[in-house]
Amino acid sequence: SDNIVDQKIYVNGVCGMCEDRIESLLDIKGIKLAEWDVKTKMCRVVYRKDKISEELIHQLLANGGHDTKKAKASEKAYNNLHSCCHYKREE
């Protein structure tokens, strides 16, 4: 259907714990699939654009502590990540 969007989003993270967190942050109504690759840092997201916006997807990730190209996590959200999950933040 025209409402289904299948796209890749850059999400900063470093480990398997990050992978679990990123995928669970996107385990919500309107998102059909979220698969994050630790090597490429790309997350494939399949979602219904009539149910959720791309902006909200970026915001959910940032709220959970993970920077994307369109949304930055707050210092608090980043600092709340487990120490092994502290990725190098880009300027």
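Begin by selecting Lys 41, which takes a positive phi near 60° in the hairpin of strand 2 and strand 3, where five residues lie between the strands. Strands here are DSSP runs of E with at least two residues, numbered from the N terminus. The model is predicted, so local features need pLDDT of at least 70 and side-chain atom pairs count only at pLDDT 80 or more, while totals for chains, interfaces and linings use all residues. Residues are numbered from 1 along each chain as its sequence is written, and side-chain values use heavy atoms, with hydrogens and water left out.

Next, select residues 31-36, which form strand 2; five bridges join this strand to strand 3, and the two run antiparallel. Two strands pair if DSSP finds at least two bridges between them. Within this pair, Leu 33 stands opposite Val 46 of strand 3.

Select Val 5 to find its bridge partner in strand 3, Tyr 47. In a regular strand, side chains alternate between the two faces of the sheet.

Finally, turn to the cysteines. The structure contains zero disulfides, a disulfide being a pair of cysteine sulfur atoms within 2.5 Å. Cys 18 is in no disulfide, and the nearest cysteine sulfur, in Cys 85, is 3.8 Å away. Cys 18 is buried (under 20% relative accessible area, with exposed over 50% and partly exposed in between; 1.4 Å probe, protein chains only), at a value of 0%. Select Cys 85 as well: its sulfur is 3.7 Å from the closest cysteine sulfur, in Cys 15, which is too far for a bond. Cys 85 also counts as buried, at 0% relative accessibility.

Definitions and conventions. Helices (H or I, at least four residues) and strands (E, at least two) are DSSP runs, numbered from the N terminus.
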